[in-house]
Amino acid sequence: MTSSRDSTAAPKPVLQARDLVKRYGSVTAIDGADFDLLEGEILAVIGDNGAGKSSLIKALSGAVIPDSGEILVNGSPVTFHSPIDARKYGIETVYQDLAVAPALDIAENLFLGRELRRGGPLGSVFRLLDRKRMVDESREHMANLKIGIKSMKQAVETLSGGQRQGVAVARSAAFARNVVILDEPTAALGVKETGMVLDLIRQVRDRGLAIILISHNMPNVFEVADRVHIHRLGKRAAVIRPHEFSMNDAVAIMTGAMVGEHIEGAPEVPAAADSPRA
Amino acid sequence: MSSTQTVSPPGAPPTKTGPSLVGRVLTTPTVGPLIFLVLAIAFFSIKSSAFLTGGNLSLIVQQVMVVGTLAIGQTLIILTAGIDLSNGAVMALGQIVIAKLAVDSGLNPILAILLGLAATTAFGLANGSLVTGLRLPPFIVTLGTLNIAFALTHIYSNDQSITVSSSTLTFFGKTFPLGGTDVTYGSVFMIALYVLAWYVLKYTASGRHVYAVGNNPEAARLTGINTRKLLLTVYATAGLIYGIASLLSIARTNVGDPNAGQTDNLDSITAVVLGGTSLFGGRGSVIGTLIGALIVGVIRSGLQIVGVESIYQVLITGILVILAVALDQLSRRRTA
C-alpha cells in the first residue's frame, strides 16, 4: 500500500459503496448513495443535518445494515452485520464521545476487547494478561503518533479532551489495517486541542491508512482533507478538492444552491486524476 | 501547528512520569477503607484488652463469613453498574435446598450441595437473563426475585428450620489451630474466594471487561465485547457464590433456616460501599469489599466488647455508609 503511493499508478479504492439504500419506515435515509475512499487519503464527508451522512457512515462501519446496494473492500464485495464484521476487514471507527472507558487506564483502553495474554500456561490456563507488553506497546504506539503522554497507566478520565480523543484515535489506528472512520473527532474540543487532533489525523494517514472524517467544522475539513465528499438528500452530490473549491461552494453544493455544470469539474471518482496527496 | 511537534496541551495534568507512587497509593480506592479499618482495630484494642486476641479476631471473621461471601457476588454485580437485592433470599433458598435434600430426603450430602449450588446459580442466571434479555433495571428484577426466592424458601421448608448433623455439610464450620487460635475452614475458604475474585477482576481480560461494561457499556460493546454474555456470566457467577454462602451459613449454624439472610442483601451492599466501590459501576475492588465487611465486623464486635448496646452498632454502620459514599463523591469531584 505504501509503495503504490510513491508510484505513478492511480491510487486504488479501499472502501466503496454502490447504490446503497436504507429506509426507516417511510423515511429514506440512504437513497442510492455511492461512495469511494482511496488509499492513503483523508476523505471528509460533509452534509447538512438530515442529509443522511451518518446513516451512510453507519452502513460503512457495520453499525447499520443497508436494505440494498453493495459495499466493497479493496474491490471485493462484503457484507457487514455488525461493527465487528467491519473490523475484521480492517475498518476501525472512532465514535463520538463513546470511544473510551474513563476509569480504565490508557493501556487498558487501547487493548480493550483485544487484550494480550501471557504465553504458556500462565496465559492459557490462568488467563493472565500480559500487562507489561500492553503497556510497552501502548507507549510505543502513542509515541509513533506523537501523542505526548508518557504514562500509559493513568486513567483516561485524568486526560484532557484532546488527549482522550488521542487515545481513541490511537486505538483505532493501532488495529486498523485499511480504514479509520472518525465521527466528529473535534466536536467537543477547543482550538488548540482541535489542532492537535488534526495533526494526529495526518499522522495516521501518513502511516498508510485511509481516513474518513465526518465533521461539521468546515475550516477543519478544508485544512486537513485531501478530498471532500458532499452528501445531500441521501446521496453523493459531489466530490471536490479543497484547493479547487471554496467553503462557500461546498456549502452551496450541500444546500442545493449549486448543482450540475458547476461541479462537473470535480469528477465523482477522480481515479484518473493525480494522487490525492499531490 | 507542525505535525512533528509533541502535543501537550495546557491545563493537562503533568504527564512526564505519570502519577507518583504516593499519589497512586492515595488515590487507590481501597486505601481509605484500609486506614479506617486499622484505626478502628487500634481504637478498640486500646479500649479493651479483650478485643485484639486471636480468638476474637477469628470470631469476627466467622461473623462476617456469610455476608462477606455474598458481598463478593454483590461486588461483581455492582461493578457492572447493577445491584442485587435478592442475594440474602437466594442464599436462604440454597440453604434449605441443601438441608432438605440431605436431611429429609437422605440424599448424599455432596449431591445435595451440588443441587443447592445449581438452585442459586439458576437464580443468578434468571436475574441476568431478565437484566440483559428484557433490559429491566437490576433493582427491580432482583426485588422481584428476592420475593420469589423468599416465598419458595418458605413453601419448600414449610417454615421449618432443618437441623444438620452431616459432617460433610458442617465441614466449613470446623476449626484448625493457627498460631494458637482456632480458625474455621470456612473463613479460609472465604479469603480464598476473595483472592480468586481479585485475581480474575484485575489480571484477566474478562475481569477488565467487567469494569469496562460498568464504566461505559456502549464503548465496551463497540470494542467487540459481548456485553450480554458478560453480564449473564457475572449474574450466574454471583448466584454460584451465593450458593457457597449457603453452605458456609449451614456450616456456621448447623441449621437450614428459612428466615436466614433477611438483611444480608443490604449488609452486603454496605460492605461493598464501605470498601470504596462505586454504586455507579466500573470502579472499585473486591479487596475493598473484604475490608468493608471486616469494618462492619470489627465495629460490631468492638462495641459489643466495650459494652455498647447492639442498636448503636446499627446506628454507627448507617452513619459510616453515608460517610463512605460522601467521601467517595468528594474525592471524585476533586479528581474529575
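These are my notebook entries on a predicted model, taken element by element.

**Chain B overall**

I began with the make-up of chain B. I counted 13 helices and four strands there. Chain B has 336 residues, and 50% of them are buried. I then looked up its accessible surface, which is about 15,400 Å². Carbon and sulfur atoms hold 67% of that surface. I also checked how far its contacts reach along the sequence. Of the contacts between residues at least 6 apart, 77% join residues at least 24 apart.

**A hairpin in chain B**

Next I looked at two strands of chain B. Strand β2 covers residues 175-178 and strand β3 covers residues 181-184. They pair in the antiparallel sense, over four bridges. I found Thr175(B) opposite Thr184(B) of β3(B). Two residues sit between the strands, which form a hairpin. In the turn, Gly179(B) has a positive phi of about 60°.

**Helix α11 of chain B**

How many of the 11 residues of helix α11 are buried? I got nine, so this helix (residues 264-274) is largely enclosed by the rest of the structure. I noted the buried ones, among them Asp264(B), Asn265(B), Ile269(B) and Leu274(B). Just past the end of α11(B), I found Gly276(B) with a positive phi of about 90°.

**Thr69 of chain B**

I moved to helix α3 of chain B, residues 54-79, where Thr69(B) is found. Is Thr69(B) buried or exposed? Thr69(B) is buried, because its relative accessible area is 0% and the cut-off for buried is under 20%. Its side chain reaches the backbone oxygen of Met65(B) at 2.7 Å.

**Strand β9 of chain A**

Then I turned to chain A. Strand β9 spans residues 227-232, and five of its six residues are buried. I looked for its partners. Strand β3(A), residues 42-47, runs parallel to β9(A) and is joined to it by five bridges. Here Gly47(A) stands opposite His231(A). Strand β10(A), residues 235-240, pairs with β9(A) in the antiparallel sense, again over five bridges. In that pairing, Arg232(A) stands opposite Lys235(A). β9(A) and β10(A) form a hairpin with two residues between them. Leu233(A), in the turn, has a positive phi of about 55°.

**Asn74 of chain A**

I found Asn74(A) in the loop between β4 (68-73) and β5 (76-78) of chain A. Asn74(A) is partly exposed, at 47% relative accessibility. Beyond four places in sequence, Asn74(A) is in contact with Pro13(A), Val14(A) and Asn178(A). I checked the last of these further. Asn74(A) and Asn178(A) are 104 residues apart in sequence, yet their C-alpha atoms are 8.8 Å apart.

**Glu115 of chain A**

Glu115(A) lies in the loop between α4 (106-110) and α5 (120-124) of chain A. I found Glu115(A) buried and without a salt bridge. Which side chain of opposite charge is nearest to Glu115(A)? It is Arg208(B), 7.3 Å away. I then looked for polar partners. The Glu115(A) side chain reaches the backbone nitrogen of Gly113(A) at 3.1 Å. It also makes a polar contact with the side chain of His209(B), at 2.8 Å. Beyond four places in sequence, Glu115(A) touches Leu129(A), Met134(A), Ala205(B) and His209(B).

**Salt bridges**

I ended with the charged pairs. The count over all chains is 21 salt bridges.

Arg131(A) bridges to Asp105(A), with the closest N and O atoms 2.5 Å apart. The two are 26 residues apart and link distant parts of the chain. Arg131(A) is in helix α6 (residues 131-144), while Asp105(A) is in the loop between β6 (91-94) and α4. I noted Arg131(A) as partly exposed at 31% and Asp105(A) as buried at 6%.

Arg118(A) and Asp130(A) also meet in a salt bridge, at 4.0 Å from N to O. This pair is 12 residues apart, each in a loop: α4 to α5 for Arg118(A), α5 to α6 for Asp130(A). Arg118(A) is partly exposed at 36%, whereas Asp130(A) is buried at 12%.

Arg139(A) and Asp136(A) form another salt bridge, at 3.3 Å. Both lie in helix α6 of chain A, three residues apart, about one turn of the helix.

Key
Residues are numbered from 1 along each chain as its sequence is written. Chains are lettered from A and ligands numbered from 1 in the order in which they are written. This is a predicted model: local features need pLDDT of at least 70, side-chain atom pairs count only at pLDDT 80 or more; totals for chains, interfaces and linings use all residues. Side-chain values use heavy atoms; hydrogens and water are left out. Buried means under 20% relative accessible area, exposed over 50%, partly exposed in between (1.4 Å probe, protein chains only). Contact means heavy atoms within 4.5 Å. Accessible areas come from the Shrake-Rupley method with a 1.4 Å probe; for residues, only the protein chains shown count as cover. Two strands pair if DSSP finds at least two bridges between them. Lys and Arg count as positive and Asp and Glu as negative; His and the chain ends are not counted. A polar contact is a pair of N or O atoms within 3.5 Å; within protein, one must be able to donate a hydrogen and the other to accept it, and residues adjacent in sequence count only if both atoms are side-chain atoms.
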